[in-house]
Amino acid sequence: MNLRPKTLSEYIGQEKIKKQLEMFIQSAKKRNSPLDHIIVTGPPGLGKTTLASVIANEMEVDIKITSAPVIEKKGDIAGLLTSLKEGDILFIDEIHRLPPAFEEILYPAMEDFKLDIVIGGGSGKKRHSKAITLTLNRFTLIGATTRIGLLSTPLLSRFGIILNMDYYSVEELSEIVKRSAGILGVDIDDDASVYIAQHSRGTPRIANRLLKRVYDYCVSQGYEKIDVDKVRYAFNILSIKQYGIDDMMLKYLHTLIGRFGGGPVGITTLSLAMNEDRRTIEEVIEPYLMKIGFIKRTKSGRVALEEAYKFLEKGLS
Ligand code: ADP
């Protein structure tokens, strides 16, 4: 079942971004030219890929979706670029993970719609490769990144539009839950959708995931309507905690507080102690814990705040 919104008006929340995009899309359409290149930033699951598809739909163009880690060779990017029709969108997720040599192919493509390639080749005496420049159709590159700080300056400077996504409010998430329930074909009352929203860490992907699990529970029990008691019961079975804190976040808090006395402790030490990838800690775990006031990043390291202590105490009692 596809829960992805297709138009800007179906896309819930991120009001500032939508307003800007409406303007840019109208203008590009009137000028009969493609949108300027766009970079979208924000934690995973906030709707970056969805937004790119919505933009393509509103511009009435096709979109090719890829992700930097799956691009293995220069030819992959060249192939993608040459396959784009006039006005099409190329979406590259996790664009900060593109190696510099691949980035360099993008520079002339983004700026002048040119692609420098080497053709021919062969080996030994029969070598006869030559460099040629192809003219590409005008396209829009939409790059998504969880960490804009990791983008190289030359790449970042080639994007005309920067959209910073933030976590969704409980009201917005509750609306997303209701919309998704409608698509799944199940009734849900207001309290239940708010309760799911409160445990979704400001993230639509998590809200939809929780809804689906609660739905599974209700279907298995033969319930036709989701109310807050059923959500509570299902969350209990699923071990969903207050604020939607998951096991990884719990491990982080236990390490920071239990092992390092609440800090300050450096990221390298933390990541070694947790045996967890540093990037996951910085891009997924910490942004949300900072957002809900559990931790802060200081010059001397990560520090646990009062709310985090309270949360652990409650859980341990
Ligand atoms: P990202 O690319 O940022 O990791 P996605 O675009 O994959 O996130 O979004 C995750 C899921 O959340 C999508 O499948 C979509 O159903 C839902 N979603 C995201 N943003 C919204 C929104 N603004 N309104 C409704 N649903 C959304």
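In the predicted model, Ile65 has Phe91 of strand S3 as its bridge partner. This pair belongs to the contact between strand S2 (residues 63-67) and strand S3 (residues 89-93). Five bridges join the two strands, which run parallel. Phe91 also has a partner in strand S6, namely Ile142. S3 and S6 (residues 140-145) are joined by four bridges, again in the parallel sense.

These pairings are part of an open sheet of five strands. The strand order is S2-S3-S6-S1-S7, and the pairing is parallel. S2 and strand S7 (161-164) form the edges. Each has a single partner strand, so one side of each lacks a neighbour in the sheet. Neighbouring strands are turned against each other by 15° on average, direction ignored. In general, strands of a sheet pair through backbone hydrogen bonds, in either a parallel or an antiparallel arrangement.

Helix H1 (residues 15-31) packs on this sheet. H1 touches strand S1 (38-41) and S7. The direction of H1 makes about 155° with that of S7.

Strand S2, helix H3 and strand S3 together make a β-α-β unit, and the unit is right-handed. H3 (residues 74-83) also meets helix H4 (residues 100-112). Their axes come within 9 Å and cross at roughly 25°. Angles under 35 degrees count as roughly parallel, and H3 is therefore roughly parallel to H4. The crossing of these two helices is right-handed. H3 contributes Lys74, Ile77 and Leu81 to the contact. From H4 come Ala101, Phe102, Ile105, Leu106 and Ala109. By class, seven residues of this contact are nonpolar, none is polar and one is charged.

A further helix pair is formed by H6 (residues 170-184) and H7 (residues 190-198). Here the axes come within 8 Å and cross at roughly 120°. This angle makes H6 oblique to H7. H6 passes H7 in a right-handed crossing. On the H6 side, the contact is made by Val170, Leu173, Ser174, Val177 and Lys178. On the H7 side, the residues are Asp190, Ser193, Val194, Ile196, Ala197 and Gln198. The contact of H6 with H7 comprises six nonpolar, three polar and two charged residues.

Terms used
Residues numbered from 1 in each chain as written. Predicted model: local features only at pLDDT ≥ 70, side-chain atom pairs only at ≥ 80, totals over all residues. Heavy atoms only, no water. Axes fitted to C-alpha atoms, helices over the stretch in contact; angles between N-to-C directions. Parallel < 35°, antiparallel > 145°, perpendicular 65-115°, else oblique. Left-handed = near helix turned anticlockwise from the far one by under 90°. Contact = heavy atoms within 4.5 Å. Nonpolar A, V, L, I, M, F, W, Y, C, P; charged D, E, K, R; others polar. Pairing = 2+ DSSP bridges. Right-handed = clockwise from strand over helix to strand, strands pointing away.
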